[in-house]
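Take a look at the chain below. Keep the sequence beside the 3D view as you read.

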Amino acid sequence: MGRYDFRPLRVYQTASQLFASERIKNVPSWHEVVGTVPPAQTLVRTQPLQHQERPRRSNVRKPSKLFQPQRVVYEEDSLRKDFFGDHPWELARPRVVLENDGKDAERKDWSLVLQPDRPIDGESVIQRQMFLLHGNPEKGQRPDPKMTSARAYDQARKEFYEIRLQQDIERRVAKEEAMATGAYFGKTTLQVGMELEDKIFEEWKAWASAEVIQQEQRRAAMYTGIDNKTAALPEGEQEMEAALGEVDSTIPTRGQEARGGAVFVP
């Protein structure tokens with residue numbers, strides 16, 4: 001059939017010819033509908049909108065992924081990459097995913113980084129930076145024409161640091177007040193981790209000391225001629241093994257030969 005298959009476009013004509021030649025008794029149920037409203041005759045797919053202009057060379061063949069959709073990229077993606085690259089531990093803070101529905105810029109006033117109905121996090125810095133760059137045209141708030149992405153990032157980050165510092169001070173003061181009234185706080189996560197690390201280190205230290213002693217005994221046995229098994233024995237058993245080694249040389253390897261004759265009794 002070549003490159004294109006035209007049989008789907010000729011299905012109406014084929015059905016009509018089969019019915020006229022009496023090869024089929026009844027026309028299909030879709031025959032009248034397809035004849036009244038025929039399908040589209042366009043065989044070539046339209047090329048999607050290209051977001052990136054790339055210089056084309058004559059010696060390069062046409063790309064095979066021409067009709068694949070373009071990658072969707074938002075401006076906030078690069079801002080998030082910069083912020084969380086500088087502050088990776090912000091991703092470890094617990095957060096509720098249901099808080100964000102993608103419409104915070106419409107419902108919140110990001111002229112301030114701290115919002116009364118949501119905790120401050122990395123996304124607050126992103127939205128604050130977007131407000132400094134573009135403002136809020138719906139509310140008539142225009143951005144500073146001299147504002148750059150770096151300046152907006154520095155300003156939003158500075159406001160974020162001030163609020164984080166204030167929160168840390170409030171927690172520290174609350175803990176001191178509670179301890180002054182008799183409250184007792186258990187070990188912190190850092191203290192528990194250090195104790196577990198010290199325990200594992202002591203176990204490894206004991207194992208390493210035993211390994212060093214055994215290696216020294218094997219090394220000494222290589223130069224003194226003592227068997228490795230004897231070198232690993234305690235001191236008392238090593239003396240017994242040495243004494244048995246001296247006696248072994250006086251014991252004949254063969255027993256006394258039997259000879260005939262009368263038994264001599266002194």
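The paragraphs below go from the whole chain to its rings, its charges and its surface.

This is a predicted model, in which local features need pLDDT of at least 70 and side-chain atom pairs count only at pLDDT 80 or more, while totals for chains, interfaces and linings use all residues. Residues are numbered from 1 along each chain as its sequence is written, and side-chain values use heavy atoms, with hydrogens and water left out.

Start with the overall layout. The chain has nine helices and zero strands. Helices (H or I, at least four residues) and strands (E, at least two) are DSSP runs, numbered from the N terminus. Read from the N terminus, the elements run α-α-α-α-α-α-α-α-α.

Now the chain totals. The chain has 266 residues, and 16% of them count as buried. Buried means under 20% relative accessible area, exposed means over 50%, and partly exposed lies in between (1.4 Å probe, protein chains only). The accessible surface is about 23300 Å². Carbon and sulfur atoms hold 56% of that surface. Accessible areas come from the Shrake-Rupley method with a 1.4 Å probe; for residues, only the protein chains shown count as cover. Contacts tell another part of the story. A contact means heavy atoms within 4.5 Å. Among contacts in the chain with a separation of 6 or more, 39% are between residues 24 or more positions apart.

Next, the rings. A pair of aromatic rings is described by the distance of the centres and the angle of the planes. Rings of Phe, Tyr and Trp (its six-membered ring) pair if their centres lie within 6.5 Å; planes under 30 degrees apart count as stacked, over 60 as edge-to-face and the rest as tilted. How many aromatic pairs does a search of the whole structure find? It finds four. One of them joins Phe83 and Phe160. Their centres are 5.7 Å apart, with 80 degrees between the planes, and the pair is edge-to-face. Phe83 lies in helix H3 (residues 75-86) and Phe160 in helix H6 (residues 149-180), so the pair ties together parts that are 77 residues apart in sequence. Both of these residues, Phe83 and Phe160, are buried.

Stay with Phe160. Why is the pair of Phe160 and Tyr161 called tilted? The ring centres are 6.1 Å apart and the planes are at 55 degrees, so this pair is tilted. Phe160 is buried, at 2% relative accessibility. Tyr161 is partly exposed, at 39%. Ring pairs link Phe83, Phe84, Phe160 and Tyr161 into a cluster.

A ring can also meet a charge. The charged end of Lys175 sits over the ring of Phe185, 5.7 Å from its centre. For this, NZ of Lys or CZ of Arg must be within 6 Å of the ring centre and within 35 degrees of the ring normal.

Then come the paired charges. Side chains of opposite charge can pair when their charged atoms come close. A salt bridge is a side-chain nitrogen of Lys or Arg within 4 Å of a carboxyl oxygen of Asp or Glu. The structure holds 10 salt bridges. One of them joins Arg80 and Asp77, at 3.4 Å from N to O. These two residues, Arg80 and Asp77, are three apart in helix H3, so about one helical turn separates them. Arg80 is partly exposed at 26%, and Asp77 is partly exposed at 35%. Asp77, Arg80 and Glu123 are linked in a network of salt bridges.

Helix H6 holds both Asp168 and Arg171, three residues apart, about one turn of the helix. They form a salt bridge, and their closest N and O atoms are 2.2 Å apart. Asp168 is partly exposed at 31%, and Arg171 is partly exposed at 47%.

Another salt bridge joins Asp117 and Lys108, at 3.9 Å from N to O.

Leu165, Ile169 and Val173 make a nonpolar surface patch of about 250 Å². Patches are made of residues with over 30% relative accessible area and no salt bridge: like charges are joined within 9 Å, nonpolar side chains (Val, Leu, Ile, Met, Phe, Trp, Tyr) within 5 Å. Leu165 is found in helix H6. Leu165 is exposed, with a relative accessible area of 53%.
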